[in-house]
Amino acid sequence: MRQWVLASRPDGLATIDNFRLEEAPVPEIGDRELLVRTLYLGVAPVMLRYMTNEASFERPLEIGDVMHGRGVAEVIASRHPDFRPGDRVQSKLGWREYAKIAPDDPYFLTYKMRNTDLPASYGIGSLAMSGFTALIGMREICQVVPGETVLVSGAAGGVGSQAGFVARALGAGNVVGIAGGPEKCSLLMTRLGYDAAIDYKSENVREKLEENFPDGIDVYFDNVFGEVLDEVLLLINRRARIALCGRISEYLKPVAEHHAFRNLGRLGLQDAKLEAFFVYDYTARFAEFEDILANWIRDGKLNPLEHVLEGLERMPEALIGLYEGRNAGVAMVRIG
Ligand SMILES: NC(=O)c1ccc[n+]([C@@H]2O[C@H](COP(=O)([O-])OP(=O)(O)OC[C@H]3O[C@@H](n4cnc5c(N)ncnc54)[C@H](OP(=O)(O)O)[C@@H]3O)[C@@H](O)[C@H]2O)c1
């Protein structure tokens with residue numbers, strides 16, 4: 001079987017030379033372990049930080065180690081009483097075609113997919129981390145109330161392409177997305193359930209925010225951080241909630257180049273909340289989240305958009321593409 005290992009550490013954005021595709025034997029399994037065949041692997045912006053050991057919640061990655069990553073897989077052989085061949089699982093598989101999984105080890109965060117009538121690829125997106133993240137940010141952190149105005153940045157990305165649907169399902173009023181380029185902005189309105197879109201690459205963000213939110217912003221789901229958040233702070237309403245989901249505009253910048261905020265005082269003036277959150281702090285509720293999102297998909301309230309590349313050999317390209325804005329929807333690679 002094939003697997004990708006870390007060949008060298010990136011300096012800024014990774015290049016193909018930082019990865020090496022290797023042949024390895026299919027693993028043998030022991031007691032209470034599973035052999036699984038990878039169906040889909042996800043890519044996430046944070047993986048670049050795995051490569052430089054800057055993500056404190058992930059095990060260190062040494063040169064020559066298999067790249068970390070989650071995916072959805074089919075159980076081929078099981079020596080664990082709770083799993084059978086044919087079961088569909090979500091786990092930390094690594095970038096490889098087959099993996100040995102120890103479901104009892106909390107590190108792997110392995111769980112059996114529940115809604116197997118839906119496509120397996122949803123085990124990368126809507127029924128996994130990016131869907132759960134959209135749900136947690138909108139529902140648990142921002143507690144959207146019917147009729148409220150909602151803004152999402154990174155709105156055409158994996159999480160953002162679902163955050164608008166989640167806001168709508170919770171009864172939000174005006175839901176506006178920010179993305180880069182006219183194609184993504186058109187997609188926000190025609191495919192992803194947003195009422196309006198702002199192109200941060202070619203439009204004046206402050207003017208567009210004022211135009212779209214004449215009565216202010218109640219909820220902001222932020223995937224990007226930096227300058228755009230500073231502009232949003234000028235328009236927040238009393239008791240507004242901001243979910244700090246990600247900071248992709250700054251992941252590749254040295255600290256000295258991070259945005260210097262001018263408008264944070266608006267939080268105090270408006271008695272507003274800005275709260276960061278981490279999807280893995282909610283693992284005890286993943287089954288509940290999977291069922292909510294699966295029901296919304298069946299009811300037509302959530303229409304997942306996927307950006308699928310074919311073949312394990314395209315994993316590095318899929319990861320680098322996130323930073324180049326090449327994906328619309330949940331980025332993933334089909335392996336099996
Ligand atoms: N809190 C959590 O537990 C949690 C969980 C999952 C993900 N996250 C975070 O949530 C964010 C979104 O993750 P995702 O998986 O959905 O990834 P994603 O949004 O699919 O990431 C790629 C998108 O980010 C945008 N982007 C790239 N560079 C940018 C820049 N310099 N400035 C502004 N936008 C930029 C691009 O869209 P445009 O073409 O529109 O610029 C690109 O398509 C990330 O920051 C991620 O780290 C957090």
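How far apart do the C-alpha centres of domain 1 and domain 2 lie?

Mentor: Keep in mind that this is a predicted model. The C-alpha centres of domain 1 and domain 2 are 28 Å apart. As for what those names cover, the chain splits into domain 1 (2-125 + 304-334) and domain 2 (129-279). Where they meet, domain 1 puts in 15 residues and domain 2 puts in 16 residues. On the domain 1 side of that contact, α1 (47-50) and β15 (330-334) supply at least two residues each. That side of domain 1 is made up of 8 nonpolar, 5 polar and 2 charged residues.

Now for the core. The largest nonpolar core has 102 residues, and those that touch the most other members are Val36, Met138, Leu188, Ile217, Phe221 and Val232. Helix α2 gives the largest share of this core, 7 residues. Domain 1 (2-125 + 304-334) and domain 2 (129-279) both contribute residues, so the core lies between them. As a general point, nonpolar side chains in soluble globular proteins tend to be buried together.

Next, have a look at α8, which runs over residues 286-298. This helix has 13 residues and spans 18 Å from its first C-alpha to its last, close to the 18 Å expected at 1.5 Å a residue. Its buried residues are Phe289, Glu290, Leu293, Ala294, Trp296 and Ile297. Look down the axis of α8 and those buried residues fall within an arc of 160 degrees, so they line one face of the helix. What do they pack against? The buried residues of α8 pack against α2 (129-141) and α3 (160-169). On the face turned away from the buried side, α8 carries the exposed residues Ala287, Glu288 and Arg298. Just after α8 comes Gly300, with a positive phi of about 80 degrees.

There are positive phi values in residues other than glycine too. Leu109 is one of them, with phi near 40 degrees. Leu109 sits in the loop between β6 (98-101) and β7 (111-112). It has 15 other C-beta atoms within 10 Å, so Leu109 is partly exposed. Asp271 is not a glycine either, yet has a positive phi of about 45 degrees. You'll find Asp271 in the loop between α7 (265-269) and β13 (273-276). With 10 C-beta neighbours inside 10 Å, Asp271 counts as exposed.

Last stop is Arg79, in the loop between β4 (70-78) and β5 (88-92). Arg79 has 12 other C-beta atoms within 10 Å, so this residue is exposed. Arg79 still has contacts: not counting residues up to four places away in sequence, Arg79 touches Ile29, Gly30, Asp31, Arg32 and Glu33.

Note on methods: Residues are numbered from 1 along each chain as its sequence is written. This is a predicted model: local features need pLDDT of at least 70, side-chain atom pairs count only at pLDDT 80 or more; totals for chains, interfaces and linings use all residues. Helices (H or I, at least four residues) and strands (E, at least two) are DSSP runs, numbered from the N terminus. The expected span of a helix is 1.5 Å times one less than its number of residues. A residue is buried if 20 or more other C-beta atoms lie within 10 Å of its own, exposed if 12 or fewer, and partly exposed in between; C-beta atoms are placed from the backbone. The arc is that of the directions from the helix axis to the C-beta atoms. Two residues are in contact if their C-beta atoms, placed from the backbone, lie within 7 Å. A nonpolar core is a set of buried Ala, Val, Leu, Ile, Met, Phe, Trp, Tyr and Cys residues joined through C-beta atoms within 7 Å. Domain bounds come from an automatic or database domain assignment. Ala, Val, Leu, Ile, Met, Phe, Trp, Tyr, Cys and Pro count as nonpolar, Asp, Glu, Lys and Arg as charged, and the others, Gly among them, as polar.
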